[in-house]
Amino acid sequence: MAKRSTIKKAIEHHLQFTLAHSNDKNPEAFWKATSLAINDIVVEKLTTTRDRQNQPGVRSVNYLSLEYLMGRLLSNNLHNLAIYEEAEKAVKDLGFDLTDLCEQGADLALGNGGLGRLAACFLDSLATLDYPATGYGIHYQHGLFKQSFKDGRQIEEPDLWREFGSPWEICRPESAQLVPLYGHVEHINNADGSTTSKWQPSVQLKGVPWDIPIVGYNSDTVNVLRLWESRSDQAFDWDLFNRGDFLNAHGKNIQAETVSKVLYPNDEHEAGKELRFIQQYFFCACSIKDIIARHQTINGVDWAAFAKDTAIQLNDTHPTIAILEFMRVLMDEYQFTHLDAWALCREVFAYTNHTLLPEALEKWSVSLFERVLPRHLEILYTINEDFLNNEVSVKWPDDNQIRAKLSLIEEGGEKKVRMAHLCVAAAHKVNGVAEIHSKLVKQDLFPEFDALYPGKLTNVTNGITPRRWLKACNPKLSALLNKHVKEDWAKDLDSLSSLEKLADDAKLQKAFMDIKLENKKALADEILASTGVKVNPEAIFDIQIKRLHEYKRQHLNFLHIVALYRRLLENPELEMHPRVFIFGAKAAPGYRLAKEIIYAINKVADKVNNDARIKDKLKVVFLPNYRVSLAEKMIPAADVSEQISTAGKEASGTGNMKLALNGAVTIGTLDGANIEIAEEVGDDNIFIFGNTVEQVKAIKAEGYNPYSYYEQNAEIKAVLDWLDTDYFTPGKPYELSAVKHSLLDGGDPYLVLADYQSYSDAHQALDEAYRDEKRWARMAILNTALMGKFNSDRSINDYVDRIWQIKPCTK
Ligand code: H53
């Protein structure tokens, strides 16, 4: 293990020789030098891991994802290498505080929300459990936009995450791949009467890989996240340059670079843009070629061994095109027959479904396919023909309705390719991400596929890494847990359950709640610094952090806040513990209503926070630029976790797990992983409200009428009508009316009004529970103690058992 003096020397070395800095105490340079020093240790492990894994017979998983929300790497890598304390001392010797230094690094925000963060947690667990694994994705020049507020409205600015360099990455131009695009397919008639298809692409891109090391916690393994950057195949056009056309001499470069320039900022919404389609193909094509090349360096061209050694996991439908690219390579470059290629595909690929929302289930227009990937479309048609004739029609003879329903091509209107159908047909396993979600995938989304392929559809409940989401982000609570739990709970999270018997212990309760208060004080400082709002750390910190989306119902939380404010104005002596509602959420730049909800919350916050009449009993804060590193500060300080999606809409959620693990009590619907959290902590330690999945279906079937709630519930009516006045936006009535319109005239698609009263009652019960200090401390402790199931190590072991069948590869 690296010692203080070795680390100190390495930092000084990099400062002087890699960065050419004198000892001028520049924090950016120190952060970079420290990262480089730690990376030396990481890279050594990376090389030995690769040598161990790159052996015949070692089966590995390749995780294909368009998103990875990695956050910052320095603190995480130090914790996982178990040298945080030594580094802290080394950095102190050099005049720095390690916590401050870690803050210098930019977040790697190469994702939008839950899906991208899940991928990052999974990589952490794979390396921790010593599984051979490679993550593949895109090396976006700009990650998710930076968010600020101007007069309450969201402003987006580009994210320049590599502005000050990125010390962890290794560029590997020697492993670049070429990616063909566009053009046409030639059909050549062979002597034996058969025809051969030959794709003549008209454009070629180059994919250059950047490797980010993924350090396992207390393990032998450093795996790799390989991110592809797109460049032009021809670096420079000398012809144009010589003719004096200086600007266009770079033209092709610029076009090629746009492919990996920016992450699409939509979470769970597909806009059908050509550039996104090309992004998907670009990274899949590079990754498939890379997987094949790696296999061949180890085994030569041995396709039987390929199937044995290779698992490919598709993270949502975003990388579906990898299936068709693999087919194309096998057929056009290795002379496989269509049937043999398809058989191999079915051994290799598996697919994770993360959503039931129709707007998130990708469909690409056939005409776009035809233009950009004509050969792939041809292959797809053959797959579809085989699938419909040899599988669907065998199971359901003469049933054209089922054929149309299951077809990989959607007809009627513009023809579209149903990417999820292709995934289900090709994959050997399809999993949902929480019990209820997987059940709905079987029952509602793919019932016929479930009948056609019994046993293919399964569940793997999501998880989170306890290293980042407890050990690193909540050092005080971690120290307390170390005192009470013998095992290394950061690896074996189930061991925290030994705290269960101490949940009523007065000493533990005090220590636990003291730490919560300390964390709340730290967050209060952060809130003051970033918003200018002063909040009382003794108040209940009630937190909702996630992407802004109607189905996640930040507006339900908002309506309840307005109602509380109204109740306080009517009765300033109202019995209620002071409450601070804290939000963190980015809205997709094109999602109008989501942006209106942010605006409304900010406007109400302005008013409430400056109203002396309510005596600081209520505060509302919207922290700008929610991201992984901000989550790390908010989560340890939460008393209450808001998980209030419409039942049936949130596939799993993972923020719910992080907050509960840090001792927050959930107020939530019976949706996604909330259901499993409730099972673990028990009904007494969670506040469940609202309509269930079945009730939601019944309400919709009967014909939901939001107006009836508006007319019958005086508080709902008063609150919604208030939004039409200029009370929160002086001189500008109707500025906040968008929310009201969406709920009344817009039909309230996510049943906000139907759940309102039940939500309000649950909050009342929660307030009473908080006022009973012992009861609340018990609940908080039990939430931490009983989160063992949601360790992402458990999720990964489920994937291994049910889908990947890989083995740890240790020294
Ligand atoms: O994936 C998370 C789930 C969450 C779900 C989310 C997600 C995205 O972030 C993006 C696209 C998508 O289809 C799903 O909304 O419920 O926890 C990880 O599974």
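Visitor: Where is Tyr-182 found?
Guide: In this predicted model, Tyr-182 belongs to the loop that links strand S8 (177–181) and strand S9 (184–189).

Visitor: And what is phi of Tyr-182 near?
Guide: Phi of Tyr-182 is near 60°. That is a positive value, and the residue is not a glycine.

Visitor: What about Gln-335, where is its place?
Guide: Gln-335 lies in the loop between helix H11 (321–334) and helix H12 (338–348). Its phi is also positive, near 55°, in a residue other than glycine.

Visitor: Let us change topic to the ligand. Where does the ligand sit?
Guide: The largest cavity holds the ligand.

Visitor: How many residues surround the ligand, and which are the closest?
Guide: There are 15 residues around the ligand. The closest are Glu-268, Asp-316, His-354, Glu-650 and Gly-653.

Visitor: How does that shell divide into nonpolar, polar and charged residues?
Guide: The shell contains 5 nonpolar, 6 polar and 4 charged residues.

Visitor: Which backbone atoms lie by an oxygen atom of the ligand?
Guide: A polar backbone atom of Gly-653 is 2.8 Å from a ligand oxygen atom. For Leu-115, a backbone N or O atom lies 3.0 Å from an oxygen atom of the ligand. For Ala-651, the corresponding distance from a backbone N or O atom to a ligand oxygen is 3.3 Å.

Visitor: How much of the ligand does the protein bury?
Guide: Taken alone, the ligand exposes 430 Å², and the protein buries 97% of that.

Visitor: Now the sheets, please. How do strands of a sheet pair in general?
Guide: Strands in a sheet pair through backbone hydrogen bonds, either parallel or antiparallel.

Visitor: What is the order in the open sheet of 3 strands?
Guide: The order is S15-S17-S16, and the pairing is antiparallel. Strand S15 (363–365) and strand S16 (409–410) are the edge strands, each pairing on one side only.

Visitor: How many bridges join S16 to S17?
Guide: Strand S16 and strand S17 (residues 416–418) are joined by 2 bridges and run antiparallel. Glu-410 has Lys-416 in S17 as its bridge partner.

Visitor: And the sheet of 6 strands, what is its order?
Guide: That open sheet has the order S22-S21-S20-S23-S24-S25, with parallel pairing.

Visitor: Why is one side of S22 and of S25 left without a neighbour in the sheet?
Guide: Strand S22 (618–622) and strand S25 (687–688) stand at the edges with a single partner strand each, so one side of each has no neighbour in the sheet.

Visitor: Which residue is the bridge partner of Ile-667 in S25?
Guide: The partner is Phe-687. Strand S24 (residues 665–668) and S25 pair in the parallel sense over 2 bridges.

Methods
Residues are numbered from 1 along each chain as its sequence is written. This is a predicted model: local features need pLDDT of at least 70, side-chain atom pairs count only at pLDDT 80 or more; totals for chains, interfaces and linings use all residues. Side-chain values use heavy atoms; hydrogens and water are left out. A residue is near a molecule or strand if one of its heavy atoms lies within 4 Å of it. A polar contact is a pair of N or O atoms within 3.5 Å; within protein, one must be able to donate a hydrogen and the other to accept it, and residues adjacent in sequence count only if both atoms are side-chain atoms. Accessible areas come from the Shrake-Rupley method with a 1.4 Å probe; for residues, only the protein chains shown count as cover. On a 1 Å grid over the protein atoms alone, a cavity is a set of points where a 1.4 Å probe fits but cannot get out, and a pocket is an open set with protein on both sides within 12 Å along at least five of seven lines; lining residues have an atom within 4 Å of a point. A molecule sits in a cavity or pocket if more than half of its atoms lie within 2 Å of its grid points. Ala, Val, Leu, Ile, Met, Phe, Trp, Tyr, Cys and Pro count as nonpolar, Asp, Glu, Lys and Arg as charged, and the others, Gly among them, as polar. Two strands pair if DSSP finds at least two bridges between them. Helices (H or I, at least four residues) and strands (E, at least two) are DSSP runs, numbered from the N terminus.
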